[in-house]
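Subject: Handing over a structure

Hi,

Here is the structure I promised to pass on to you. Please have a look at it first, and then read on for what I found in it.

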Amino acid sequence: NIIGVLVFASDITERRRAEEALRQAEEKYRGIFENAVEGIFQTTPGGAYLSVNPAMARMYGYDSPEELMASRTDIARQAYVDPSRREDFKRLMAEPGLVENFEYEVYRKDGSKVWWSESARTVRDSGGQILYYEGSCQDVTARRRAEEALQRSEADYRSLIEGAPCGIFRTSNDGRLFSANPALFEMLGYVSPSELP
């Protein structure tokens, strides 16, 4: 009987240690989820959020994850500025089941638009059916706006150079012509760069 009691006490002690280790691990990962600066989520293929962290709620402009999940029940229609991008995302999630840096524009709670970059993976059951998607998002609006501003600036510069009435050109140190605007070719009597000697 004493041996039986010792074995039982040992089993309880081991189980309690395992439970405590599990509790600590859950607490650690809950802290990462709750305090991450990137949005972390799980969604159904149908477009409902299963879970989101506080950062994801803030990115959308909501006060809490619960408010976001109650308000956004159809991601394609309620979040995506271009709902066809959700279909693109779902195709990628079907095969190969992973996306990295998938960019799309979303509506925030106040109706403003922002750009997100998403990395996610597909979670399947033992039969291969898709259960949900999980991943993270970050706001890349500032970068996208800077890229668009640079493209506009480059287009303005090209337009200015191409439309200038005076000849503008670039050459190498040895005098080879790299580029020139149409006015220079006209001044020199050439139609295109290929005609130059």
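Let me begin with a spot in a loop: Pro-96 sits between α5 (84-94) and β3 (98-107). The peptide bond that joins Glu-95 to Pro-96 is cis, with omega at about 10°. Most peptide bonds are trans, and most residues other than glycine have a negative phi. Please keep in mind that this is a predicted model.

The phi of Asn-101 is near 55°, a positive value although the residue is not a glycine. Is Asn-101 buried or exposed? Asn-101 counts as exposed because its relative accessible area is 53%, and the cut-off for exposed is over 50%.

Now for the chain as a whole. It holds seven helices and seven strands. Read from the N terminus, these elements follow the order α-β-β-α-α-α-α-β-β-β-α-β-β-α. The chain has 197 residues, of which 29% count as buried. Its accessible surface amounts to about 13000 Å², and carbon and sulfur atoms account for 54% of that. As for contacts between residues at least 6 apart in sequence, 37% of them join residues at least 24 apart.

Glu-34 and Asn-53 are 19 residues apart along the chain, yet 5.6 Å separates their C-alpha atoms. Glu-34 is partly exposed, because its relative accessibility of 31% falls between the 20% and 50% cut-offs.

Next, have a look at Ser-136, which you will find in strand β5 (residues 130-139). Which side chain does the side chain of Ser-136 meet in a polar contact? The partner is the side chain of Glu-38, at 3.5 Å. Leaving aside residues up to four places away in sequence, Ser-136 touches Glu-38, Gly-39, Ile-40 and Phe-41, and also Ser-117, Glu-118 and Ser-119.

Two of those neighbours of Ser-136, Phe-41 and Glu-118, turn up again around a cavity. How many cavities of 30 Å³ or more does a search of the whole structure find? The search finds one, and the volume of the largest cavity is about 50 Å³. Along with Phe-41 and Glu-118, its lining is made up of Thr-43, Tyr-49, Met-56, Ile-75, Tyr-80, Arg-86 and Tyr-104. By type, six of these lining residues are nonpolar, one is polar and two are charged.

Finally, there is the largest pocket, with about 190 Å³ of space. Which elements each supply at least two residues of its lining? They are α6 (141-163), β6 (169-171) and β7 (177-180). Helix α6 gives the largest share, four residues. Among the residues that line this pocket are Tyr-157, Arg-158, Ile-161 and Glu-162, as well as Phe-169, Arg-170, Ser-179 and Ala-180. The lining of the largest pocket divides into five nonpolar, two polar and three charged residues.

Best wishes

Note on methods. Residues numbered from 1 in each chain as written. Predicted model: local features only at pLDDT ≥ 70, side-chain atom pairs only at ≥ 80, totals over all residues. Heavy atoms only, no water. Polar contact = N/O pair within 3.5 Å; in protein donor to acceptor, adjacent residues only side chain to side chain. Contact = heavy atoms within 4.5 Å. Buried < 20%, exposed > 50% of the residue type's maximum accessible area, 1.4 Å probe, protein only. Areas by Shrake-Rupley, 256 points an atom, 1.4 Å probe, with all protein chains shown as cover. 1 Å grid on protein atoms, 1.4 Å probe; cavity = no way out; pocket = protein on both sides within 12 Å on 5 of 7 lines; lining within 4 Å. Points joined across faces, edges and corners; volume = space filled by probe spheres on them. Nonpolar A, V, L, I, M, F, W, Y, C, P; charged D, E, K, R; others polar.
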